[in-house]
Amino acid sequence: MAISGLRSSFREGHRSVLLQCPTGAGKTVIFSEITRSAAAKGKSVFILVHRRELVKQASAKLTDAGVEHGIISAGFEPSNHLVQVASVQTLVRRFHLVSEPNLIIIDEAHHAVAGSWLKISDHFAHAKIIGVTATPSRLDGRGLGSVFDALVLGPSVEQLVKLGFLCPHKVFAPPIVADLSTVKTRAGDYAKDDLDQAMDRPTITGDCIAHYRRLADGLPAIAFCCSIKHATSVCQSFNAAGYRAKLVTGNMPMEDRDEAIAGLADGRTQILCSVDVVSEGTDVPAVSAAILLRPTQSEALYLQQVGRVLRPQPGKIAIVLDHVGSTRKHGFVDDRRIWSLDSKPKRQRKDEPAVSVRQCPVCFAAFKPQPICPCCGHEFPNKTRTLSEREGELKEMRREDARERMERKERRKEQGRARTLPELLALAKKKGYKPGWAYKIFYGRKY
């Protein structure tokens, strides 16, 4: 479906096409097959990645697909292969040494509006371009339409779970999240130094260990942390609690990072404490739990983080321990999203069908609505019951509650975008409000 959609876009005359596929959908396998087919026809292909570990990953997938290739990156000998896996930074420095390819494939293409990527696109002005990403949006709100002129959508997370290509998951989240009112925003996301102080407290770290022990004890897990200092503290706390925890950061030697990540598959590592290393692109099939300890305003970063734990294994149900309220802020990872080249994704409209989920008040299992819990046998009474939650204890999230919060947030945003009185009057008419509502809102504002 994805490959045929790309071919159709090129037949329609587009030069640069973006393919959106969720994390775990096999984007690297897809572009490896595209590359194999192009090379078989004598076409040259550059595959662009932005981190060294992704060079190795893309190279390994091409090798599995039987595609001979070279690598354009520091420490690798140049070659004349038709196919080259290229580090963006190295390729920009070697423009004078390479010929223009027929096709450029950009991995993690939501980075493609950054300076180095645009230099490559402009320099190889006649090459066709395919971008692949799980999240075609940027934190700064810039659309990708400046680089890509068509968007091809792959299957959704929901579809991939039904087909068995991703595993189902459960989310457990606290009723009260950390107070971020004093945390500054920098470059579109929370300032890391302020987050470090807000999140690295004994109560937060202690709670994450206690809840991991209760809900995911022994499962291979990734703890997504705010900073090296925060990740170091979390790692030390898990080790002190008797778990095998490892720290992985971007400035570690490559061999040490590979060793820590590989340990998740064979049990040498139980909890990987990460700072921005395994949020994006890194393939860790064995991991079964995500511990979210870094608040983020980026929906793309949140989706990348949770997507790490959805790789399927027999009988696997992934666990998300959301200590920072990211699910409440951004929705469930398998919610349907409307992607665009022009703006951030919009959540599904009210008139679109929503997933219906019931939660057991006894065992907190989530399932399709039925009168008896299939997990513990609890019978639901006819009347609605109000569930109480003890402060500080993780509870599995109800999709209905999260959806209502998102809808209220969208209503407030829509009202905020209506800055003039005519715009407020138009909104009042659309919502079925009386005109007096618009006047009250407008004259109640302080400009």
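Reader: Hi! In which kind of crossing does α14 pass α15, left-handed or right-handed?
Author: Hello! This is a predicted model, and in it α14 passes α15 in a right-handed crossing.

Reader: At what angle do those two helices pack?
Author: Helix α14, residues 421–431, packs against helix α15, residues 435–444, at about 145°, and their axes are 8 Å apart.

Reader: Which residues meet there?
Author: From α14 you have Leu 421, Leu 424, Leu 425, Leu 427 and Ala 428. They meet a group in α15 made up of Pro 435, Trp 437, Ala 438, Tyr 439, Ile 441, Phe 442 and Tyr 443.

Reader: Thanks! Let's switch to α1 and α2. How do their axes cross?
Author: The axes of α1 (residues 2–11) and α2 come within 10 Å of each other, crossing at roughly 55°. That angle makes α1 oblique to α2. Here, too, there is a handedness to report: α1 passes α2 in a right-handed crossing.

Reader: And which residues of α1 meet α2?
Author: Ala 2, Ile 3, Leu 6 and Arg 7 do, and on the α2 side they meet Ile 30, Glu 33, Ile 34 and Ser 37.

Reader: Which residues of α2 are buried?
Author: Among them are Ile 30, Ile 34 and Ser 37, which also take part in the contact with α1. Lys 27, Thr 28, Phe 31, Ser 32, Thr 35 and Ala 38 are buried as well.

Reader: How far does α2 reach?
Author: Helix α2 covers residues 27–40, so to speak 14 residues, and spans 20 Å from its first C-alpha to its last, close to the 20 Å expected. Just after this helix, Gly 42 takes a positive phi of about 80°.

Reader: New topic: how many aromatic pairs are there?
Author: The count comes to six aromatic pairs. One of them joins Phe 46 and Phe 124 edge-to-face, with 5.9 Å centre to centre and 80° between the planes.

Reader: Why does that pair tie together parts that are apart in sequence?
Author: Because Phe 46 lies in strand β2 (residues 45–49), while Phe 124 is in the loop between α5 (115–123) and β6 (128–133), the pair links parts 78 residues apart in sequence. Phe 46 and Phe 124 are both buried.

Reader: What does Phe 95 form with Phe 124?
Author: Another edge-to-face aromatic pair, at 5.6 Å centre to centre and 85° between the planes. Phe 95 lies in the loop between α4 (88–93) and β5 (103–107), so this pair ties together parts 29 residues apart in sequence. Phe 95 is buried, as is Phe 124.

Reader: And which residues form one aromatic cluster?
Author: Phe 46, Phe 95 and Phe 124 do.

Technical notes. Residues are numbered from 1 along each chain as its sequence is written. This is a predicted model: local features need pLDDT of at least 70, side-chain atom pairs count only at pLDDT 80 or more; totals for chains, interfaces and linings use all residues. Side-chain values use heavy atoms; hydrogens and water are left out. Helices (H or I, at least four residues) and strands (E, at least two) are DSSP runs, numbered from the N terminus. The expected span of a helix is 1.5 Å times one less than its number of residues. Buried means under 20% relative accessible area, exposed over 50%, partly exposed in between (1.4 Å probe, protein chains only). Rings of Phe, Tyr and Trp (its six-membered ring) pair if their centres lie within 6.5 Å; planes under 30 degrees apart count as stacked, over 60 as edge-to-face and the rest as tilted. Axes are lines fitted to C-alpha atoms, for helices over the stretch in contact, and angles run from 0 to 180 degrees between N-to-C directions. Angles under 35 degrees count as roughly parallel, over 145 as roughly antiparallel, 65 to 115 as roughly perpendicular and the rest as oblique. A crossing is left-handed if the near helix is turned anticlockwise from the far one by less than a right angle, and right-handed if clockwise. Contact means heavy atoms within 4.5 Å.
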